[in-house]
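User: I have a chain open and want a quick rundown. Can you walk me through it?

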Amino acid sequence: MENKSKFTIKSIVAIGIGAALFFVLGRFVSIPTPIPNTTANIQYGVLSVFGIIFGPVVSMLAGFIGHTLADLSWGSPWWSWIIASGVFGLIVGLAKKAINIEGGKFGLREIIIFNAVQVVAHGVCWVGVATVLDVLIYSEPIEKLVAQSLGAWGMNAVTTAIVGTLLLFAYSKTVTKAGSLQKED
């Protein structure tokens, strides 16, 4: 019987590297904001690159594992936001089908698709998933969560737009375009 598992060595290594990068960036490169318990984060830009290159499962697990490790390094995990990071990776990873980064193309069309998806994904995750789970799991007051969720959505969308777009553009330039190699005589 043939094994058709999506977990190849390449995807497992990508999950590990993605989680490690998410952890290091989340733990040591968070940008403080005036909103309590909310930082601007560049790790979502990196996580989105893993999503576009490797797909939704890799980026979902890298985000979930990386965020868990980062929270554990601070003391205790905040599960609502950890789950939201995994959902963000999943949603952005689904855009892999619309953006053929392996074809070496990341032009205006792909930049618009990428940024539309990541802005929506951040909204779903921080205004939706994290907020609802904060109320359900931790009984957090909704008044506190409004500033946190809107702040996280806006700041993470901006940092992902900058970091993710630049990294994907740079990555696309390293990919050999189909049909660009010619046989020498």
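Fold and core

Analyst: From the N terminus on, the protein chain's elements follow the order α-β-β-α-α-α-α-α, where helices (H or I, at least four residues) and strands (E, at least two) are DSSP runs numbered from the N terminus. The radius of gyration (over C-alpha atoms) is 17 Å, close to the 16 Å from the globule rule for 185 residues, so the chain is as compact as a globular protein of that length; that rule is 2.2 Å times the number of residues to the power 0.38.

User: What are the ground rules here?

Analyst: This is a predicted model, with pLDDT of at least 70 needed for local features and 80 or more for side-chain atom pairs, while totals for chains, interfaces and linings use all residues. Residues are numbered from 1 along each chain as its sequence is written, and side-chain values use heavy atoms, leaving out hydrogens and water.

User: Which residues have the most contacts inside the largest nonpolar core?

Analyst: Ile52, Phe88, Ile101, Phe114, Trp126 and Leu168, in a core of 24 residues. Such a core is a set of buried (under 20% relative accessible area, 1.4 Å probe, protein chains only) Ala, Val, Leu, Ile, Met, Phe, Trp, Tyr and Cys residues joined through side-chain atoms within 4.5 Å.

User: Which elements give two or more residues to it?

Analyst: Helices H2 (43-54), H4 (79-94), H5 (108-138) and H6 (142-172). H5 gives the most, with 7 residues.

User: What does Ile101 touch?

Analyst: Leaving aside residues up to four places away in sequence, Ile101 touches Ile52, Ile53, Phe106, Leu168, Tyr171, Ser172 and Val175, with contact meaning heavy atoms within 4.5 Å.

How values were computed: Buried means under 20% relative accessible area, exposed over 50%, partly exposed in between (1.4 Å probe, protein chains only).
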